[in-house]
Amino acid sequence: MDAITQLGSAIGALTTPMALFNVVWATLLGMTIGMLPGLTATLGIALLTTLTFRMEAGDAILILICMYVGAIYGGSRTAILLNIPGTPANAASSLDGFPLARAGRAGEAMGLATVGSFFGSCVGLVLLALIAPQLAEFGLRFQSFEFFWLAVFGVVISGRLTAMNDPIKGWIAGFLGLMVAQVGQEGIHAYQRFSYGSVDLAGGFSLLPALVGAFGFAEILCVMKDPAYETVRDVGKRILPRMRDVVTRWWTILRSGVLGTVMGIIPGVGEDMGAWVSYAAARRASREPETFGKGNTDGLLAAETGNNAAVPGAIIPVLTLAVPGSAPAAVLLAAMFIHGVRPGPLIMIESPGFVFEVAAMLFWASVAILVLGLLLTRPMLTVLRVRREYLMPIIFVLCVVGSFAIASRVFDIWVMLGFGIAGFVLRQMHYPMAPLILGIVLGDILDKNFRRSMLISDGSVEPFVTRPISAVLAALTLFTILWGLPPVRRALARLVRRGG
């Protein structure tokens, strides 16, 4: 009950005119970025981080969270209207959203998606306020051995779940990210590694230019390679969903909200898996599963509730363990460090109210998507009519300026371009980007904690597998790798058949 009281106080503290103004414009900008195919939540947060790093920490983090929530929601518009997910998190929404639009019910579909997004975020932020303090307290038991395995597990599970058809590609991408993170001065003795005499490489690859390149410039190249999309002129008459349609689906909303939050907590998995898992659960629970993919409103509601619930879920490990739950959360983690906020197990000791402040920011962002999403459905269709030939050069300029702005290094522009080209090539070969970026984020954590562990144990690897939490994380990592290998799954299936 104390947590709910603190959450209410934090929500009230953000009712100042300036805070609400920041909520409105940042959420609207996020919705716009999410609506435009090729512009992702990760890119939006990364670019906005470069423009807000001189602001007060509270204002900057509020703006970035509103951008995050707005972009994940905004992608549902193009998923419904064009069958093109605005962000990867909205891919599941297009399965039933686009058939509804073709049946003349686009406005109704967008209204239902808006309500689902609002309730999903609300379920997630309540769970954040309830879970984060306990998880931070549990995180105090972690030492360097546990943080090492947490980093490895994050990369492995991210690679497994973002490349379901070929998890080896996901693991390759993740471990590429870990290797990239080793470039530069190591974190204990500042010894230069893989710099080859270059002063720029001695400083390592900065996270934000790498993110902007892998998710921004690579997206620009992918969008320009694909054929242009046709814009939608009409959304139908009804936009506000019927109250009866929402109330009778309360169980779908609650189930999808909890599932989305849980998927968000898993390191590196994020909003797209939150949507797919919620969609699959709704289909299994439905009395008419054959109608899914043909315009089923339950499917659309579940997908949009799940992906927005994953946003607070992805922020939970950011705050409590300093491990991002998704690619956009990785940028948010970097922004927190830039602004002097230190996420991790000590957050409830050093800044006990910050968790509830973040939950309050998520609440106001959720209110903003509900109000703006319902009021501006028709006016915001003009955003989809912006020709990509005009838009992409502007985004490219922002990528360049944003990469340069953090440290004023021309080298960071080259980093952005290099990661962009590499990201484009990897995408063409169907390698996921989320494990790559998570590997860069977790690489420093893995390296420092492995070296500290070896110093503590006097060179012995035994504590990595004998300490209780380390042993559990090691077992989960090994199980995830083995279960992702087709020969192992086939062998287990044969054993089950023989046993049956």
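This is a short tour of side-chain packing and pairing in one structure.

The model is predicted: local features need pLDDT of at least 70 and side-chain atom pairs count only at pLDDT 80 or more, while totals for chains, interfaces and linings use all residues. Residues are numbered from 1 along each chain as its sequence is written, and side-chain values use heavy atoms, with hydrogens and water left out.

**The cores**

Start with Tyr68, Ile315 and Leu362. Of the 98 residues in the largest nonpolar core, these three touch the most other members. A nonpolar core is a set of buried Ala, Val, Leu, Ile, Met, Phe, Trp, Tyr and Cys residues joined through side-chain atoms within 4.5 Å. Buried means under 20% relative accessible area, exposed over 50%, and partly exposed in between (1.4 Å probe, protein chains only).

Next, select helix 17 (residues 354-375), which supplies the largest share of this core, 13 residues. Helices (H or I, at least four residues) and strands (E, at least two) are DSSP runs, numbered from the N terminus. Another core, of 21 residues, lies apart from the largest one and includes Val152, Val155, Leu178 and Phe464.

**Salt bridges**

Side chains of opposite charge can pair when their charged atoms come close. A salt bridge is a side-chain nitrogen of Lys or Arg within 4 Å of a carboxyl oxygen of Asp or Glu. The whole structure has six salt bridges.

Select Arg467 and Glu146, whose side chains meet in a salt bridge at 2.9 Å, N to O. Arg467 is in the loop between helix 21 (463-466) and helix 22 (468-483), and Glu146 is in helix 7 (residues 144-162), 321 residues apart. Is Glu146 buried or exposed? Its relative accessibility is 2%, so Glu146 counts as buried. Arg467, at 23%, counts as partly exposed.

Then select Arg451 and Glu186, which form a salt bridge with the closest N and O atoms 2.8 Å apart.

**Aromatic rings**

Rings of Phe, Tyr and Trp (its six-membered ring) pair if their centres lie within 6.5 Å; planes under 30 degrees apart count as stacked, over 60 as edge-to-face and the rest as tilted. The whole structure has 16 aromatic pairs. Select Phe205 and Phe419: their ring centres are 5.7 Å apart and their planes are at 80 degrees, so the pair is edge-to-face.

Finish with Phe145, Phe148, Trp149, Phe450 and Phe464, which form one aromatic cluster.
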